[in-house]
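Visitor: I am new to this structure and should like to be guided through it. Please show it first.

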Amino acid sequence: MSGARGNSQSGESMERNKERRLAYKEDIARWNAENEQAKSERRKPRWSKPKLGKLESPFPRPGVDAQETEGQPDANIEAEGTDNGSSNNESDGGSKV
């Protein structure tokens, strides 16, 4: 199931994630130094603490194939026809012209 292609993608994304984490650690170190100086001067830091953000997934997320949903009725289409808020019933008090 996980062929050579999957392993190379996983390896590449892991390398990019390592680089991202390394850059994040460097940013945090600079922020900590500035934050400590700000504390000693009794002021707020000039910039907010850096965030790591999302890392790349080692494998692509599975998607929905068009073939899988081809024969199935769409529930949203059926709901639109019955739940539109209007009524064809004449006894609801509305006038029909």
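**Salt bridges and overall form**

Visitor: How many salt bridges are counted?
Guide: A salt bridge here is a side-chain nitrogen of Lys or Arg within 4 Å of a carboxyl oxygen of Asp or Glu. Side chains of opposite charge can pair when their charged atoms come close. By this rule the salt bridges number 5.

Visitor: On what basis is the model read?
Guide: This is a predicted model, in which local features need pLDDT of at least 70, side-chain atom pairs count only at pLDDT 80 or more, and totals for chains, interfaces and linings use all residues. Residues are numbered from 1 along each chain as its sequence is written, and side-chain values use heavy atoms, with hydrogens and water left out.

Visitor: What is the average pLDDT of the chain?
Guide: The term pLDDT denotes the predictor's confidence in each residue, from 0 to 100. A score of at least 70 is reached by 56% of the residues. The chain average is 75.

Visitor: Which helix has the lowest confidence?
Guide: Helices (H or I, at least four residues) and strands (E, at least two) are DSSP runs, numbered from the N terminus. Confidence is highest in helix 1 (residues 4-40), with a mean of 87. Where pLDDT is low, the predicted coordinates should not be read in detail. The lowest mean, 54, belongs to helix 3 (residues 75-82).

Visitor: In what order do the elements of the chain run?
Guide: The chain contains 3 helices and 0 strands. From the N terminus on, the order is α-α-α.

Visitor: What share of the residues counts as buried?
Guide: Buried means under 20% relative accessible area, exposed over 50%, and partly exposed in between (1.4 Å probe, protein chains only). The chain has 97 residues, and the buried share is 10%.

Visitor: Is Ser13 buried or exposed?
Guide: Ser13 belongs to helix 1. Leaving aside neighbours within four places in sequence, Ser13 is in contact (heavy atoms within 4.5 Å) with Glu56, Ser57 and Pro58. Because its relative accessible area is 2%, Ser13 is buried.

Visitor: Which residue forms a salt bridge with Glu56?
Guide: The closest N and O atoms of the pair are 2.7 Å apart. This pair links distant parts of the chain, with Glu56 in the loop between helix 1 and helix 2 and its partner in helix 1, 40 residues apart. Glu56 counts as partly exposed because its relative accessibility is 34%. The partner of Glu56 is Arg16.

Visitor: What separates Arg30 and Asp27 along helix 1?
Guide: Arg30 and Asp27 form a salt bridge, with the closest N and O atoms 2.3 Å apart. Because they lie 3 residues apart in helix 1, their separation is about one helical turn.

Visitor: Where is Arg42 found, and what is its phi?
Guide: Arg42 is found in the loop between helix 1 and helix 2 (66-69). Because its relative accessibility is 79%, Arg42 counts as exposed. Although Arg42 is not a glycine, its phi is positive, at about 55°.
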